[in-house]
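Please have the sequence and the structure open while I talk.

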Amino acid sequence: MYKGLDQINSPKDLKKLSRKDLPKVCEDIRRYMVECCAVNPGHLGSSLGAVEIIVGLHYVYDTPEDKIVFDVGHQAYAHKILTGRREAFRGNRKAGGISGFPRRDESPYDAFGAGHSSTSISAALGFAEAARLSGQTYKSVALIGDGALTGGLAWEGLNNAGASNADILVILNDNDFSIDKPIGGLHDYLLKVTTSSAYNRLKRRVWTSLGESKFRAWVQRWVISTKSNIVRSSGGDLFEALGFRYFGPIDGNDIDQVTTTLSKLRNLKGPRILHCITKKGAGYAPAEADPTVWHAPGKFDPLTGQRQKKVYDAARYQDVFGKTLVELAKLDGKVVGITPAMASGCGMTQFQQAFPERFFDVGIEEEHAVTFSAALAAGGLKPFCNIYSSFSQRAYDQIIHDVALQKLPVTLCLDRAGLVGEDGATHQGAFDLAAFRSIPNCTVAAPRNELELRSMMHSALSAKEGPYIIRYPRGTGEGVQWEDVPVEPVEPGRGVCLAKGKGLAILALGPVANRAFEAAERHRIDYWVGPSVYDMRFLKPIDTSILEEIANNHHAVLTIEDGALKGGLYSAVCEFFAPRDNAPIIRGLGIPDKFITHDTQAAQRESCCLSTEEIFDIVRDMMKK
């Protein structure tokens, strides 16, 4: 079925082929990706669109000696298939299988790890300078998408690289025509001329022969001005202004054009940028027709493109957030919504449709999203800024400097908090509790279920200062009734007792409080006595009245949180009891001091002892003692 592809176990095998064989290789890779992702879901659309670029890179460059740095990693599936992981790709994102993103410890061909966006240019520049300083001759290439190019870090890298003389090639995979379109004959002519080795040799000779004379400076200005005017017509003036030599746009889904261009660019020096126009989902009609859905489509029929509909037992937290935000906006005309390019993922599309003038998608710019929200608050509005938990790490300074320091009432809703599943270590929302607990003026809330999320969002609306942080997990809630019910205010720093017991007190934060309650009830049924269970609801301010009550009535404490054990609820409770003579025995459950790799959410929670069964076993042991 894949006779050609089955013979490619490394880029060396790819190089043995003639260029006329490459279109068939690209076709086979696409069919193989579709076949695998149909039964084992992943990020499909972006990878389909980048096939020719990746085949061309491995055909022209000498990997792994030459370094290809991917941005985010959504585009990297063809790269993995070509670099000895073809069969392993069938287990992509599964436990014990390969990661959905490039990882240095997975393959020597993965030059630099990637999970979050906009890192590739800075990393590729680092490789280029490392090669120069160590006297090596390997090449450095960054492959970045037009979406990731909106990130501030990408522009920091461009600014630094353009001012250097580094031997770096940046490939812009523009799959949305967001910069410009090819301009036909003139575009083709400019591409041929500017990539010509003869042209570049002549240019260097002219530059050298002119020496340092005033005449040279005049010629340089004339050449640069003339070329800039020409390049402007093809969309490259911005990159030229930053110090890059701009080439393209080319058809990034034309393998012959890609390999021809890369072959010429490889031997040029200095910072260069190649603009490739591609089609997201290229080669698979359903993905081309709806690139948003087919970014990560779930399971589907590879022949028809019919996607398997997911049936949820309860509302997803992201949908609760989205509907509640619409509800709040109807109550208060000052409510605005901000997202860094994750409107559909976080559930804000319904707000966008209902209140388009109060909706702001700022692109992949988490830092900007937070500072922008801070100024909206300073201007008298009530911003609800939704960022995935792991992505909020990128805006840590802005949360401190621009929101907390100024006590501005910004509500930060952190979606995908805790363990996220198949996306793995780069995306786990493990660190938000520990990171934000130390920030002054900060409220950190974790709802136990859908109704609590809605209630906390209503309560945040009346907050006078911030940040007011509400974190909740990926996936469905507990199935409680949350719509069309009266909203009860949730006072910051006030927990609730879910069960009264003896000996042991369980202090839980977030939906894991439900698992703690289930384990306690099972123990009560099996052994006629059970522990007390408290839903703390807030990490900061923490409910000290509950802690005082425990100190007087319980001998042991078990804290449970779906965040990093170090620095979160466990640490807060230990700090409270540390100076006391009557301190109980304290044990904590949470995400241990290591990065959690890709697996199902259920398996990850079990490995961290956050499932009902695991909690029950620990409760039983502690109650015995």
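Is R474 buried, partly exposed or exposed? R474 has 29% relative accessibility, so R474 counts as partly exposed; buried means under 20% relative accessible area, exposed over 50%, and partly exposed in between, with a 1.4 Å probe and protein chains only.

A word on the source: this is a predicted model, where local features need pLDDT of at least 70 and side-chain atom pairs count only at pLDDT 80 or more, while totals for chains, interfaces and linings use all residues. Residues are numbered from 1 along each chain as its sequence is written, and side-chain values use heavy atoms, with hydrogens and water left out.

Now the salt bridges, meaning a side-chain nitrogen of Lys or Arg within 4 Å of a carboxyl oxygen of Asp or Glu. The count comes to 43. One of them joins the side chains of R474 and E422, at 3.7 Å from N to O. E422 is at 24% relative accessibility, so E422 counts as partly exposed too. Another salt bridge pairs E452 with R448, at 3.1 Å, and both of these residues are buried. R86 and D6 also meet in a salt bridge, at 3.8 Å. R86 counts as buried at 10%, whereas D6 counts as partly exposed at 33%. Salt bridges with shared partners join D6, E35, R86, E87 and R90 into one network.

Last, the helices. Residues in contact, with heavy atoms within 4.5 Å, include V512 and R515 in α22 and T612 and E613 in α26.

Definitions and conventions. Helices (H or I, at least four residues) and strands (E, at least two) are DSSP runs, numbered from the N terminus.
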